[in-house]
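Biologist: Can you walk me through this one? I'd like to start with how the chains meet.

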Amino acid sequence: MEVLIAIMVGTLTAGGLFLTLKGRTFPVVIGLTLLAYAVNLFLFSTGRLFINQATIIQEGITQYADPIPQALVLTAIVISFGMTAFAIVLSLKAYGEYKSDHVDGIGEEEK
Amino acid sequence: MNIATIVPLLIPLLAAIVTLFASKASLSQKRIVSMLFMVMLILSTVYALYALSIEDYFVYTLGNWEAPFGIVLVLDKLSVILLITTALLALGALWYSISAQYDVVGAHFHPLFWLQIFGINGAFLTGDIFNLFVFFEILLLASYSLLLHGQGKGRTKAGLHYVIINLVGSTLFLFGIGILYGVFGTLNIADLSLKIAQISPDDVSLVASAGLLLLVVFGLKAAFFPLYLWLPSAYSKTSAPVATLFAIMTKVGLYSIIRVHGTLFGTHANELAFYYTPWVFWIGILTLIMGTFGVMSAKDLRTQVAYVVLVSVATLLIALGINTVGSINGALYYMVHSTLLAGGFFLVADMIANSRGTIGAAITKGPSFRYIILLGSLFFAFGIAVAGLPPLSGFIGKLMILQGAMTYSMWGVAFTAILISSLLVVISLAKSGSQIFYDTNNERSDISHEITIQHFYPIFLLVSIAPLMVLFAHPITHFIELATNAFFDPTAYIEAVLGVNLAKDI
């Protein structure tokens with residue numbers, strides 16, 4: 001399972017990095033989303049991977065899954081969600097202003 | 001007394017909420033409320049300073065969960081220096097935005113302004129790396145909106161670049177945090193510091209890479225080479241009060257390097273002890289070279305001031321890289337000085353741009369305008385201060401840094417870089433000043449009558465910091481020395497946060 005998660009994090013990061021380096025705002029936003037997925041998966045795995053383990057202390061249970069990474073991932077998801085929404089709105093605004101979806105705003109104005 | 005820790009956070013948050021709900025209130029009411037909160041913020045930081053004269057550390061456990069299980073806020077001498085700087089800078093920025101009517105050009109200026117201060121103060125007070133990330137995001141989200149506030153030309157493009165690079169930076173931050181949590185099982189800075197001292201040899205390279213990953217993130221905020229390209233356009237395109245407030249944002253990155261890297265990888269960290277300082281030093285030198293070239297080549301005064309900010313960041317990075325008692329003392333002194341003076345310089349550049357009409361702050365021959373002598377004198381004073389000439393505070397800051405560099409092995413590089421850069425900055429600013437103020441046309445700018453003496457008060461406030469920091473240099477440096485001692489020996493910090501006695505327990 002560790003290998004599978006590692007490959008997934010690596011693939012998502014590579015894909016996200018590739019897309020963020022593109023020149024158009026749409027792939028960049030998708031790339032940022034992929035990077036956020038990758039980092040969330042990565043954070044989740046930092047508490048070590050367990051299946052069917054309790055997170056809250058109960059009697060008679062000795063092995064627990066770490067609840068902190070889950071809380072961290074939850075926070076990170078909310079923040080990245082808000083930031084992505086902001087990036088989308090800003091890309092739309094840039095498209096409306098420059099009549100171009102290039103990240104440098106190369107459009108009608110500068111032609 | 002513990003209340004001194006939380007109040008500088010609660011006031012901006014409360015101010016943001018009140019000004020948001022008062023959006024239907026009249027403009028003057030909103031302004032009065034905002035100014036009242038600003039006075040309270042300044043009083044609270046002064047109270048925090050007073051509280052620190054009684055005890056060295058104040059730890060506020062949120063929800064009464066003890067560290068390292070809960071999250072904590074820590075007030076110490078290092079954070080209070082930056083809290084006071086932020087409050088003074090914010091007073092200048094808010095005052096100017098009110099007197100020059102910058103808060104009416106778009107919606108919700110006041111709530112965004114206060115949320116930005118909330119994020120900045122939070123980053124200075126937190127004792128937990130994940131919380132540092134959260135406060136970074138708060139200040140960034142407010143800064144994205146403030147950067148775009150007022151719809152200026154080219155602002156959307158600068159904003160888009162700024163947002164995207166910071167989103168990538170946030171991702172890197174989380175990767176760094178994840179590695180540290182995976183290895184140590186804690187995110188409390190004090191607890192991490194203890195655990196790094198007993199690190200197993202297998203984990204050393206992993207932790208070293210996490211530390212450098214965090215250095216990249218903080219360096220992105222501080223704008224170091226090669227991650228500074230967003231800064232000149234973002235700072236020069238946004239409105240003047242926002243640019244002034246942003247002068248503290250690069251210092252948030254530098255503060256995080258001092259706080260996180262200094263505490264985690266201090267002398268106790270065995271083979272990782274200060275392993276990051278050569279990186280910081282050489283990156284600082286490169287940033288200084290690029291920043292100086294930027295100052296020399298700028299065609300617009302506002303871009304030039306943005307590059308002056310970059311030069312001051314580079315000087316601070318070099319001082320952190322040298323990492324002697326003297327250079328850290330100098331860095332803290334220079335950090336306060338450069339933040340407040342660079343912030344004021346943005347306001348002067350904006351006044352010049354507003355006075356000259358269509359050509360703005362372009363460094364060319366232009367019309368004469370009202371208050372040209374007063375603005376020229378202020379330009380002269382700010383120029384001397386930021387370039388580091390005597391008798392103003394920039395000189396003392398650079399002198400302290402260079403004195404601290406005497407015992408460093410690469411002292412020649414540091415001396416050459418800082419002194420040549422200062423000379424080139426002086427020459428460039430002199431050239432800009434002579435073109436703007438001496439090489440004027442005969443006709444007078446017709447819009448400059450809109451500028452009144454009221455617009456100058458916040459600039460007077462910020463420029464007065466330079467002579468005051470010289471007059472009170474002794475008490476200020478004495479206080480800074482105490483902060484530096486705590487930086488080199490974080491034992492007391494760790495003991496205060498975790499409530500343990502290290503001498504007895506280990």
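Modeller: About 2700 Å² is buried between chain B and chain A, and carbon and sulfur atoms give 78% of that area. Buried area here is the accessible area (1.4 Å probe) that two parts lose on being put together, summed over both. Keep in mind that this is a predicted model: local features need pLDDT of at least 70, side-chain atom pairs count only at pLDDT 80 or more, and totals for chains, interfaces and linings use all residues. Residues are numbered from 1 along each chain as its sequence is written, chains are lettered from A in the order in which they are written, and side-chain values use heavy atoms, with hydrogens and water left out.

Biologist: Show me one in chain A.

Modeller: A:Arg24 pairs with A:Asp101, with the closest N and O atoms 2.8 Å apart. A:Arg24 sits in the loop between helix H1 (2-20) and helix H2 (25-45) of chain A, and A:Asp101 in the segment after helix H3 (67-98), 77 residues apart.

Biologist: What about B:Lys77 and B:Asp56?

Modeller: Their side chains form a salt bridge too, at 2.9 Å, N to O. B:Lys77 lies in helix H3 (residues 77-99) of chain B and B:Asp56 in the loop between helix H2 (27-52) and strand E1 (58-61), so the pair ties together parts 21 residues apart in sequence.

Biologist: Is B:Lys77 buried or exposed?

Modeller: Buried, at 11% relative accessible area. B:Asp56 is partly exposed, at 47%. Buried means under 20%, exposed over 50%, partly exposed in between (1.4 Å probe, protein chains only).

Biologist: New topic. What confidence does chain B get?

Modeller: Its average pLDDT is 90, and 98% of the residues score at least 70. pLDDT is the predictor's confidence in each residue, from 0 to 100. The model scores ipTM 0.92 and pTM 0.93.

Definitions and conventions
A salt bridge is a side-chain nitrogen of Lys or Arg within 4 Å of a carboxyl oxygen of Asp or Glu. Helices (H or I, at least four residues) and strands (E, at least two) are DSSP runs, numbered from the N terminus.
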